[in-house]
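Dear colleague,

Please find the structure below, handed over for your review. My notes on what was found in it follow.

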Amino acid sequence: METIRKIYEQQKYMYDNHTHSVEDRIVSVSQPFVRPIVRGKAGKPVEFGMKLDISVTDGWTRLEYRSFDAYNEATKLQEMIENFHKREGHYPSRVLADKIYRNRENLSYCKERGIRLSGPALGRPKKGEDRNKAQDYRDECERVEVERKFSLGKRKCGMGLVTAKLEETAAHVVALSILLLNLRKIQCAFLQFWDWLLGFLQSREKLRVVQ
């Protein structure tokens with residue numbers, strides 16, 4: 001009933017003020033915490049669900065931040081770097097991030113700490129500036145690993161089909177999807193070691209037959 005009253009107040013506000021938007025607009029009676037997130041994608045200009053930031057370090061995936069409200073991802077970069085510093089005891093030598101993270105505040109923050117933030121400088125290229133295109137290409141290829149983690153999480157780890165109705169349980173499902181991504185990494189490493197061990201034993205057996 002509280003949710004229905006809130007919906008009525010929002011609809012009346014938009015009707016009285018001749019507008020189509022209202023702060024914290026409720027779009028689902030059963031999930032009042034869900035907010036419309038404008039993405040601007042072709043065919044899907046608006047999405048509904050959890051928005052999250054992840055980081056990938058040496059193949060390990062971490063859930064850095066999540067919210068059902070729209071937020072600017074760039075504001076979370078410094079917090080993610082500080083979390084890395086707390087875990088590892090030092091700052092990363094480089095951060096491979098999308099261009100949305102490359103604002104003046106983040107560039108200044110990374111420069112003060114000796115961190116190379118991937119991508120070109122802001123504004124027009126300086127006269128005579130020679131960008132290392134090979135380095136830019138390698139950075140972009142390595143940064144794509146984050147996109148692969150999102151794709152794998154949605155296709156194989158349940159992140160793309162969250163049916164939980166409560167905000168807390170939906171957050172737990174996403175967290176378990178991230179955990180499953182890391183378990184898959186362990187599984188792949190184990191299978192690779194097992195294949196190597198079988199190959200090693202077979203080679204020794206062949207060597208013994210030859211002798």
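**Nonpolar surface patch**

W60, L176, L179, L180, L183 and I186 make a nonpolar surface patch of about 540 Å² (residues with over 30% relative accessible area and no salt bridge, nonpolar side chains being joined within 5 Å; a salt bridge is a Lys or Arg side-chain nitrogen within 4 Å of an Asp or Glu carboxyl oxygen; areas are Shrake-Rupley values with a 1.4 Å probe). Helix α5 (residues 167-210) gives the largest share of the patch, five residues. L176 lies in helix α5 and is exposed, at 53% relative accessible area (exposed means over 50%, buried under 20%).

This is a predicted model, in which local features need pLDDT of at least 70 and side-chain atom pairs count only at pLDDT 80 or more, while totals for chains, interfaces and linings use all residues. Residues are numbered from 1 along each chain as its sequence is written, and side-chain values use heavy atoms, without hydrogens and water.

**R102**

R102 sits in the loop between β5 (94-95) and α3 (104-112). R102 is buried, with a relative accessible area of 9%, and its side chain reaches the backbone oxygen of L117 at 2.9 Å.

Yours sincerely

Terms used:
Helix = DSSP H or I, 4+ residues; strand = E, 2+ residues; numbered from the N terminus. Buried < 20%, exposed > 50% of the residue type's maximum accessible area, 1.4 Å probe, protein only. Polar contact = N/O pair within 3.5 Å; in protein donor to acceptor, adjacent residues only side chain to side chain. Patch = residues over 30% accessible without salt bridge, like charges linked within 9 Å, V, L, I, M, F, W, Y side chains within 5 Å.
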